[in-house]
Amino acid sequence: MNLSAHLRDRLLRELALQDEFLDPRTLRLAAAERMAILELKDETSYWEQAADSDVELAALRDGCLVAETGFFRDETPFSLLPCWAQARRHSGETLRILSAPCSTGEEPYSIAIALLESGWKEDSFVIDAVDISRTVLHAAQRGLYPTRRVQPLRTDRKERFLQRSGASWQVRPEVQRHVRFHERNLTQPNFSAPAAPYDAVFCRNLLVYLTEAGRHQLQANLLQSLASDGLLIVGHAEAAQIGRHPAWVSMPPPGAFAFVRRGAVPAESLAIGTAKSAPSPTPEISLPSKTRHREPSDPTTARLSQDTAATALLDRVEALADAGRLSEAGALCAEWIGQHPSNSRAHYLLGLIRSADGHPTEARQLFATALRLDPHNHDARLHLAAESAAPKKPSPLPTGPGLVPPGKRSATPHRS
Ligand SMILES: C[S@@+](CC[C@H](N)C(=O)[O-])C[C@H]1O[C@@H](n2cnc3c(N)ncnc32)[C@H](O)[C@@H]1O
């Protein structure tokens, strides 16, 4: 095995990553970037340097990681959290949240903003944010974002919680002071959370990339970090996997991808966060552009009307699928793909429908095509990863700390 393949293997093991998520080309690109920074010309001597130095290997690894994130990503979890936290608030106690992994900080800052907006005061909550990558942690700590990264924020939120700094936006100190950043590997058996137990843990968009052993270890680490009645929030492509296990019960509203341990919370509190009962801490949630009504500004522009027709038809497909009319939705979407084979969203939607219908192989192919047609179709990427990682039969979760006597936790995943 040559040195670069050997280093790739080391990184796969360190990250507990599925093989397909560390493309050798990505590794070579990251190496080329490091060589440029180090002003090295010879690739072989670079690989030798990386093999000999943990610091260099970590820098190389950081260049390979998927750090995609955003403010108020998926929105609903950030509406649920303040309502849920309010309902279980014990006077005088500090609310503790873990954001893991936190990437460049948009997730933990969004949590802080959501809590401040709903009246949580200074010192009433802390957020620990962890990630393996020093590169993203530095960016997160700085809290300075280019304009395009703050675009998803509503204007009132942006102006209240961030301030302009040249061409960028700086998170205000009153938000930053609630968030503490830490370097941790979440898939290692010796993981220790900075200040467990947490009332809520956000662990979004990491699980899908991991090997089965990595997923077990991560879940064991999360369970150890979460209070016995705590709230776990995962990414939308990860909810199906968590939801399959009888240990967890999912919390409304749909779209929060939130879970509590079964039996940990009285049934009536599962209503928290539903549209009826929740106060509205995030007053106006703007619709994603795909569902907004769009009139082509120039009706004679064929391209625009084609886009509008595609949007309308695919919205119809989504509505049918949401209503459980999977075969109608599938037929309509397949027919559309027959006429418009290069539409990434159509392939992605048909993949979701096939997955829900119990056809994982076909779903995987559709997600892969959606991704090939649009490499930025992040949803397709996540679902492809989730389908590839999905166990053939329900996979047991590791037992949580509340269920295992202290000291019994082992490096190998527990099986219930
Ligand atoms: C796709 S981002 C998700 C960020 C955020 N949770 C979200 O959903 O927007 C994935 C992050 O996981 C981090 N990561 C990957 N493997 C990790 C590990 N073993 N331990 C800690 N962080 C890890 C990466 O550095 C990256 O910042």
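These legends accompany close-up views of a predicted model.

**View 1**

View 2. Strand order is 6-2-1-7-8-10-9, and the pairing is mixed. Strand 6 (179-183) and strand 9 (248-251) form the edges, each pairing on one side only. From one strand to the next, the twist averages 25°.

**View 3. Strand 9 against strand 10.** Strand 10 covers residues 258-261. Its pairing with strand 9 is antiparallel and spans 4 bridges. Among the residues involved, Met251 has Ala258 in strand 10 as its bridge partner.

**View 4. Helix 5 on the sheet.** Helix 5 spans residues 76-87 and packs on the sheet. Helix 5 touches strand 1 (95-99), strand 7 (198-203), strand 8 (226-234), strand 9 and strand 10. The directions of helix 5 and strand 7 make an angle of about 170°.

**View 5. Helix 15 beside helix 17.** Helix 15 covers residues 344-356, and helix 17 covers residues 378-389. Their axes come within 10 Å and cross at roughly 30°. Helix 15 and helix 17 are therefore roughly parallel to each other. The crossing is left-handed. On the helix 15 side, the contact is made by Ser344, Tyr348, Gly351, Leu352 and Ser355. Helix 17 meets them with Asp379, Ala380, His383 and Glu387. This contact comprises 3 nonpolar, 4 polar and 2 charged residues.

**View 6. Helix 16 packed on helix 17.** Helix 16 consists of residues 360-373. The axes of helix 16 and helix 17 lie 9 Å apart, at an angle of about 150°. Helix 16 is therefore roughly antiparallel to helix 17. Their crossing is left-handed. Helix 16 contributes Pro360, Ala363, Arg364, Phe367, Ala368, Ala370 and Leu371. Helix 17 contributes Ala380, Arg381, His383, Leu384, Glu387 and Ser388. The contact of helix 16 with helix 17 divides into 8 nonpolar, 2 polar and 3 charged residues.

Note on methods. Residues numbered from 1 in each chain as written. Predicted model: local features only at pLDDT ≥ 70, side-chain atom pairs only at ≥ 80, totals over all residues. Pairing = 2+ DSSP bridges. Helix = DSSP H or I, 4+ residues; strand = E, 2+ residues; numbered from the N terminus. Axes fitted to C-alpha atoms, helices over the stretch in contact; angles between N-to-C directions. Contact = placed C-beta atoms within 7 Å. Parallel < 35°, antiparallel > 145°, perpendicular 65-115°, else oblique. Left-handed = near helix turned anticlockwise from the far one by under 90°. Nonpolar A, V, L, I, M, F, W, Y, C, P; charged D, E, K, R; others polar.
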